[in-house]
Structure formats: C-alpha cells, structure tokens
Amino acid sequence: MEAQTAGFGFSDAELAAYPTVYRSDLFSTATVLVSGGGSGLGKTIAWLFGRLGARVVICGRRPDRLEAARDAMRAAGLNVEALPCNIRKPEEVEALLDSVTESGGLDVLVNNAGGQFPQAAIDFSAKGWNAVIDTNLNGTWWMMQGAARRWRDAERPGAIVNVVTVVEQGMPGVGHTCAARAGVIGISKTVAVEWAPLGIRVNCVAPGAIQSEGQAVYSEEARQSYKRSNPMLRFGDAFDVAEACVYLAGPSGKYVTGETLTVDGGGRLWGEFWAIPKPDYFRP
Ligand code: ADE
C-alpha cells in the first residue's frame, strides 16, 4: 500500500487496512494505554494495538483530537476509550492511571506523547527548554513510575515501551528533545534492572525520519533533507514504529528489557539529520 496519502500521516482508512505481520488476537486479553494517541505516531500505535484485539486507552492533552481518533477507531469496531490528560501534571497522570486500572487493569503502557519545536540550541529560552523537558522527560517518567507502582501493588506483570528518538549523534535543531529522550533511555535502562523482579519490562523504540503528522512543524528544507538521513534514502512510516512497539510489548519481547530498538533505515550508521536548515558553514 502506498503510505501517507493524507499529508504527513495515514488516513483512517489506511490505519484500518494497512497490512500487519501480527495475529489479530495477539492482545485480546490486554489493556494498552497510549499517550499522545490522538495524532501522529501515537494514533497509528493505538490503531495497531486495537486491531490486534486490545482494549486501548488513548490519552493526550487535546480532547478534540482524542475524541476524533476514538470515534474513528470505534467506527472500525475497535475497543477504545479516550481520556484527556496533561502528562506534565503528576496529579492528572495519577487520576488517569487510577481510572485505567480500576476499569479493567493495565498491561502495556506506550509513552508516545511529546512535543518539540525546531530551534538552534543557542537560542533556546528557559521557558522553551523547560517545556520540552517537562513533557518529554518528566511526563514520561510520571507515567512510567505510576504504572510500575500499580503493577507492583497488584502483583501483576507489565510492559512499558517509550517512544524516543535516535540520540547517539545528537540532533542538530532539536537539542532539547535529544536531551530529554536520552534521559528517558537512561532511566529506562535503570528501571529495566530495578523492576525486572517485579515482572515489568521497559524498552524504547527510537524512530529516525518517519513520515507522520509531527513532521509538519519542520521547514520544507528540513523535511527534504530527511530523505538523505539514512542509506535507504527515504522516510519510514508510522507502521514501522507501531510494529516495533508491538514486538517489544507482546510475547515476542518477553526476554527483552532495557533495550532500544532503532527504526531509522540505518540512519545512525550513515546520513545527516538537521531539523533546522543547515547553517552555511556546513554546506559544501
Ligand atoms: N502531547 C504533547 N504534550 C502533551 C502533554 N503535556 N500531555 C499529554 N500529551 C501531550
């Protein structure tokens, strides 16, 4: 199927029909919470888990987007709820996790919510830096810790998948998110060890250049350059990321923890990734 007919993301019809390698009842006894599930990568992840039989809960800051995503998934016969939550606020995260656990329990947490804006690091304001760290690092952490406490208290296993980014070479133009995501990878490795005896696995998926709605904030020049960000000379799509999340969350990942699965077409080995137009001194 030709991807991305709807601008930078999949249409609902594509989300419903895109082929997957996974069995349609793989998550039929599971509840999967996807943050940022109302749009972009999170919406695709939510659709895929839903198509594999999960009860899906999507959360995010914008009720309008969440409800639209929920309604489209329900129209396709999927079991989904939408709960607004600002993950920066620990008390809202607590209320969300209470609601999910009290209404049937939680099995998989996919921390996908995040936000950033392209800017040269030297120009970051304190407010901009703090906002990105607060959502992408702190918000992810409140979700991880809250879910783990509930799994520990209920003596049930759980799996966390954190959607991060490829941090190894830095990320010129989005240094704040690179710092936050590197922090998420660090705490994920740490708690993968601390929480292994509790039956909680913690992994990350690191997408490279993926064609999705989130790309809309970048300039045309930056977007064009992404095609040369990896040796495959193309974007990946949101299903590449969603299937990686399913692999890590499902039985296929039962002996995998503390890992970061990179989905970047080889971009960490060859390629250039600038989220802002490349400064003149880097041009040939
Ligand atoms: N998506 C982007 N920012 C978010 C936030 N603060 N809470 C939940 N979802 C988000």
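1. Leaving aside its neighbours within four places in sequence, with which residues is Asp-264 in contact? They are Val-166, Gly-208 and Asn-230, contact being heavy atoms within 4.5 Å.

2. The model is predicted, with local features needing pLDDT of at least 70, side-chain atom pairs counting only at pLDDT 80 or more, and totals for chains, interfaces and linings using all residues. Residues are numbered from 1 along each chain as its sequence is written, and side-chain values use heavy atoms, with hydrogens and water left out.

3. Asp-264 lies in the segment after β9 (260–263); strands are DSSP runs of E, at least two residues, and helices runs of H or I, at least four, numbered from the N terminus. Asp-264 is buried, at 7% relative accessible area (buried is under 20%, exposed over 50%, partly exposed in between; 1.4 Å probe, protein chains only). Its side chain reaches the backbone nitrogen of Gly-266 at 2.9 Å, and a polar atom of that side chain lies 2.7 Å from the backbone nitrogen of Arg-268.

4. Helix α5 (residues 126–154) has 29 residues and spans 40 Å from first C-alpha to last, close to the expected 42 Å, which is 1.5 Å times one less than the number of residues. The helix bends by about 35° at Asp-134, the angle between axes fitted to the seven residues ending there and the seven starting there. Just after α5, Glu-155 takes a positive phi of about 50°.

5. Residues surrounding the ligand include Arg-61, Cys-85, Asn-86, Ile-87 and Thr-135 (a heavy atom within 4 Å). A ligand nitrogen is 2.8 Å from a side-chain N or O atom of Asn-86.

Note on methods
A polar contact is a pair of N or O atoms within 3.5 Å; within protein, one must be able to donate a hydrogen and the other to accept it, and residues adjacent in sequence count only if both atoms are side-chain atoms.
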